[in-house]
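Dear colleague,

I am passing the structure below on to you, together with a short account of what was found in it. Please keep it open beside you while you read.

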Amino acid sequence: MKQDTQLMDKIVSLCKRRGFIFQSSEIYGGLGSVWDYGPLGVELKRNVKNAWWKSVVYGRDDMVGLDAAILMHPKTWEASGHVSSFSDMVVECKNCHKRFRIESLFGEQILSNLDHKLKNEYKDGFPGARGIPEKTKAYVLFEFALATENPECPSCKNKDFSKPTDFNLMFETHHGPVKDSASVVYMRPETAQGIFVNFLNIVDTARKKLPFGVAQIGKSFRNEITPGNFTFRTREFEQMEIEYFVRPEEAANFHQQWVEERFNWYFALGMTKEHLRKREHPKDELAHYAAACTDIEYNFPFGWSELEGIANRTDFDLRQHSQFSGKDLQYFDDQTQKKFFPYIIEPSGGVDRATLAFLVDAYSEEEVKERTRVVLRFHKDLAPVKVAVLPLLKNRPPIVELARKINEDLRKQFVCVYDDTAAIGKLYRRQDEIGTLFCVTVDVESLDDKKVTVRERDTMQQERVAIEQLKDWLTVKLK
Ligand code: ATP
């Protein structure tokens with residue numbers, strides 16, 4: 001466990017030192033659980049999003065993209081259930097008045113044991129039975145847990161807590177110049193609803209027939225009570241979500257297909273097999289409208305945690321929005337001449353969580369000539385910088401001039417950096433630490449033989465390549 005904490009600390013420190021991720025508003029003391037992506041972080045995150053878009057939109061005939069607004073009509077969130085139930089149960093410590101998400105006071109195992117115990121007590125099915133509001137179940141469980149486990153306040157060690165209460169996680173703001181209850185709108189807590197409310201627009205304009213899907217990447221906001229683990233759980237984050245519309249009888253099949261497709265996406269981008277697993281939700285963990293849900297989890301230094309969830313949401317969303325908007329969101333099938341509400345398969349992932357997982361997975365340390373070499377072994381599509389051009393001697397103008405010229409030429413095609421601010425050994429280490437795939441070194445001989453030394457990140461093998469052929473050589477390697 002100690003080692004794991006150390007690994008996470010090393011990654012957080014590398015992210016800050018090398019410009020991947022900074023604390024938001026750091027000069028003012030920082031804003032809790034909000035992060036900024038620096039010059040390298042923005043490239044890495046963009047590469048993650050591009051790889052996703054390429055795979056789920058450009059790579060398929062049955063998918064289209066969307067970019068819906070963050071602010072939506074407030075009725076959206078009534079229809080979706082977020083106004084009434086997108087909340088966590090919190091308790092307040094009666095001594096220090098700090099508030100905690102109640103789950104955080106108990107271990108997962110303790111809650112699961114208590115849950116079983118409760119289910120045995122309520123032989124008629126309550127509180128495990130479906131149809132009982134989730135909140136009621138949670139309330140009973142937490143009251144029971146507080147009474148039987150007598151937990152300590154993580155801050156002041158007091159053992160006296162308020163009763164559990166609901167805390168809605170949506171951020172509110174006002175729309176227009178008047179700040180009253182009629183102008184309240186929400187910062188969307190998920191991107192999915194933007195797709196549901198555009199269902200008819202997309203059917204009409206994209207002329208897609210079932211099964212088809214809509215993909216979207218965008219910011220979401222949740223006023224998380226217990227955020228943490230760096231960028232894993234934050235209050236502002238990005239999601240990449242798909243809503244895939246299918247005939248009800250085909251939903252179970254498509255659910256399985258999407259679980260496999262999304263699971264394999266991480267491997268195609270170099271993720272270590274043993275670090276990823278699927279977790280199927282047991283029936284009593286499912287949201288009341290969902291028929292199935294499988295999480296893809298990554299083994300972070302802080303334990304197995306969700307990267308993405310793939311749910312069979314049934315026809316809940318389109319039914320709800322039809323009812324609340326008064327618009328008929330049913331699909332008309334020309335073959336059978338019948339209307340019906342499609343079922344929805346939703347693969348919903350976090351951009352920040354995927355980015356963090358790729359960072360953790362890429363991090364490696366090895367001993368080379370009695371020194372520790374830190375390397376981010378990113379997949380070539382994810383590496384923020386593909387090529388670094390380095391002059392061997394920065395005081396020799398012809399070498400610097402040639403190196404700059406090569407850099408200018410390569411950057412038209414690849415993401416490149418030029419660096420002459422240290423000795424070559426140090427320059428290599430810097431590039432390894434940010435995951436740059438190739439270092440191109442210009443030396444004295446380059447002036448005569450018109451060749452450069454190209455060093456590959458993972459093997460550290462070096463090859464002499466003619467400057468004239470360098471672009472083609474790199475193109476083949478980066479394909
Ligand atoms: P969790 O149980 O971890 O809170 P969730 O099940 O509430 O996640 P969903 O509502 O299914 O998450 O959201 C889909 C995805 O969005 C998650 O799998 C995760 O990758 C990402 N996500 C959700 N909440 C956050 C957050 N606070 N910070 C970063 N990413 C998040």
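In this predicted model, the domain assignment divides the chain into domain 1, made of 2-72 and 179-359, domain 2, at 87-168, and domain 3, at 385-478. The centres of domain 1 and domain 3, taken over C-alpha atoms, lie 38 Å apart. The C-alpha trace of the chain spans about 85 × 65 × 50 Å along its principal axes, and its secondary structure comes to 15 helices and 23 strands. Of the 479 residues, 33% count as buried, and among contacts between residues at least 6 apart in sequence, 66% join residues at least 24 apart.

Turning to the ligand, you will find 16 residues around it, of which the closest are F237, G309, S348, G350 and R353. The elements that contribute two or more residues to this shell are β10 (236-246), β13 (303-312), β16 (343-350) and α11, and β13 gives the most, with 4 residues.

Helix α11 may deserve a separate look.

With best wishes

Technical notes:
Residues are numbered from 1 along each chain as its sequence is written. This is a predicted model: local features need pLDDT of at least 70, side-chain atom pairs count only at pLDDT 80 or more; totals for chains, interfaces and linings use all residues. Domain bounds come from an automatic or database domain assignment. A residue is near a molecule or strand if its C-beta atom, placed from the backbone, lies within 6 Å of it. A residue is buried if 20 or more other C-beta atoms lie within 10 Å of its own, exposed if 12 or fewer, and partly exposed in between; C-beta atoms are placed from the backbone. Two residues are in contact if their C-beta atoms, placed from the backbone, lie within 7 Å.
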